[in-house]
Amino acid sequence: MKMRKAISAVLAGVLALSALPISAMSASAAEGAYALGDVDMDGVITGHDAAMVSRYLHVDNTLLSADQLALADVNGDGVVDQA
Ligand SMILES: [Ca+2]
């Protein structure tokens with residue numbers, strides 16, 4: 001149940017971000033090449049990005065590169081977590 005809540009929180013964040021125009025998002029992470037939240041760096045923000053963050057948090061804390069961690073910190077608090 002705890003994990004489902006965490007996944008739901010991440011998905012809600014991704015969905016909220018996907019509702020924003022791309023121009024409204026900071027593109028400073030990963031040298032501006034990718035939008036915040038685009039953790040898998042495929043050019044679009046999808047559930048797969050949220051799934052990668054969930055996997056990083058709960059299964060493999062070596063999964064994400066430094067650039068991916070910067071993209072995953074969508075609220076800019078310096079911590080990659082459900083928020
Ligand atoms: Ca993506």
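This is a predicted model: local features need pLDDT of at least 70, side-chain atom pairs count only at pLDDT 80 or more; totals for chains, interfaces and linings use all residues.
**Ground rules.** Numbering runs from 1 along each chain as its sequence is written, and side-chain values use heavy atoms, with hydrogens and water left out. Local features need pLDDT of at least 70 and side-chain atom pairs count only at 80 or more, while totals for chains, interfaces and linings use all residues.

**Confidence.** I checked pLDDT, the predictor's confidence in each residue from 0 to 100. The protein chain has a mean of 81, with 63% of its residues at 70 or more. H1 has the lowest confidence, at a mean of 62, and H2 the highest, at 97.

**Gly 43.** I found Gly 43 in the loop between helix H1 (2–18) and helix H2 (47–58); helices here are DSSP runs of H or I, at least four residues, numbered from the N terminus. Leaving aside neighbours within four places in sequence, Gly 43 is in contact (heavy atoms within 4.5 Å) with Tyr 34 and Asp 38.

**Buried or exposed?** I used under 20% relative accessible area for buried, over 50% for exposed and in between for partly exposed (1.4 Å probe, protein chains only). Gly 43 has 57% relative accessibility, so it counts as exposed. Val 44, at 44%, is partly exposed, and Asp 49, at 0%, is buried.

Technical notes
Helices (H or I, at least four residues) and strands (E, at least two) are DSSP runs, numbered from the N terminus.
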